[in-house]
Amino acid sequence: MSDFEITPRNRVMRYPKRAAYDTDTIYPILDEALVCHVGFAIDHQPFVIPTIHARMGDQLLLHGLKGGRMLEHVNAGNPLCVTVTLLDGLVMARTVFNHSMNYRSVVLYGRGATIEDPATKLAALECLTEHVARGRWADARPPTDKELMATTIVAIEIESASAKVRQGPPGDDGEDLEYPVWAGVIPLPVMPQAAETDPKQTVVYPQPDYVRHYRRPGRA
Ligand SMILES: Cc1cc2nc3c(=O)[nH]c(=O)nc-3n(C[C@H](O)[C@H](O)[C@H](O)COP(=O)(O)OP(=O)(O)OC[C@H]3O[C@@H](n4cnc5c(N)ncnc54)[C@H](O)[C@@H]3O)c2cc1C
């Protein structure tokens, strides 16, 4: 485990007791989330773009078609803020004021660059594929040279990060605890449904285990 330095940029001011700065808390949140939001500013205009990510060691990987604005901006070495949110539940308090959500979120800061080395690029693509469904890389057709050429992968060095975690029941107290209404938490786990076979499949292949029993990392 290592800690990110706490600075004015990443110090959680609101509810600091919900904050964590260690990789043991932060990395599993990055690994469980299927999407992140990449924030950056161009000419004082902020943009926040949802996209797929994967963590490779201490770097965050993003990929996309060559020429995309976001990836070009990342490759230029501009400062980025990336957020990841896992929504765990709806917190229904007795008071409107105390309604909340249970969540695990990460805000991280860094700068990125395009991965040019072919072997590292392939390893990064494997990491992205396996992030979505562990086992898929071995089964799917590998990328051709042309497909690799058309794909940009950037690696963001995570300079700074924080996690914020809220879990547990509503925060009502005092006389509000007697208010005559149901209160509690509605859990909202990611629950994959039965996979749907592509109607264009002319052969019926068995569903791999990682399809039939799809789960996110960190989830039983
Ligand atoms: C699902 C969900 C729902 C939320 N709903 C609300 C809401 O309705 N209203 C509301 O005010 N807030 C909500 N929050 C909390 C929100 O993310 C912010 O933490 C909060 O608004 C304080 O923002 P701030 O910039 O004033 O925080 P500050 O504490 O001043 O932020 C300082 C630094 O702390 C870090 N930080 C702040 N928030 C987070 C975070 N969530 N995760 C990781 N690091 C963080 C960042 O590095 C940030 O620069 C929600 C969070 C989640 C995940």
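## Around the ligand

Strand β6 contributes the most to the shell around the ligand, giving five residues. Strands here are DSSP runs of E with at least two residues, helices are runs of H or I with at least four, and both are numbered from the N terminus. At least two shell residues come from each of β5 (80-92), β6 (100-114) and β7 (151-166). The model is predicted: local features need pLDDT of at least 70 and side-chain atom pairs count only at pLDDT 80 or more, while totals for chains, interfaces and linings use all residues. Residues are numbered from 1 along each chain as its sequence is written.

The ligand is surrounded by 16 residues, the closest being M13, Y103, S105, V107 and K164. A residue counts as near a molecule if its C-beta atom, placed from the backbone, lies within 6 Å of it. By type, the shell holds eight nonpolar, four polar and four charged residues. Nonpolar means Ala, Val, Leu, Ile, Met, Phe, Trp, Tyr, Cys and Pro; charged means Asp, Glu, Lys and Arg; the others, Gly among them, are polar.

## V107

V107 belongs to strand β6. V107 is buried, because 20 other C-beta atoms lie within 10 Å; the cut-off for buried is 20 or more other C-beta atoms within 10 Å of the residue's own, placed from the backbone. Beyond its neighbours within four places in sequence, V107 is in contact (C-beta atoms, placed from the backbone, within 7 Å) with C81, T83, A161 and S162.

## Helix α3

Helix α3 covers residues 118-132, which makes 15 residues. From first C-alpha to last it reaches 22 Å, close to the 21 Å expected at 1.5 Å a residue; the expected span is 1.5 Å times one less than the number of residues.

The buried residues in α3 are A124, L125, T129 and H131. Seen down the axis of α3, these residues fall within an arc of 160°, so they line one face of the helix. The arc is that of the directions from the helix axis to the C-beta atoms. The buried residues of α3 pack against β3 (45-56), β4 (59-65), α4 (136-139) and β7.

## The largest nonpolar core

The largest nonpolar core has 30 residues, and I29, V106, V154 and I156 touch the most other members. Such a core is a set of buried Ala, Val, Leu, Ile, Met, Phe, Trp, Tyr and Cys residues joined through C-beta atoms within 7 Å. Its largest share, seven residues, comes from β7.

Definitions and conventions:
Buried ≥ 20, exposed ≤ 12 C-beta atoms within 10 Å, placed from the backbone. Contact = placed C-beta atoms within 7 Å.
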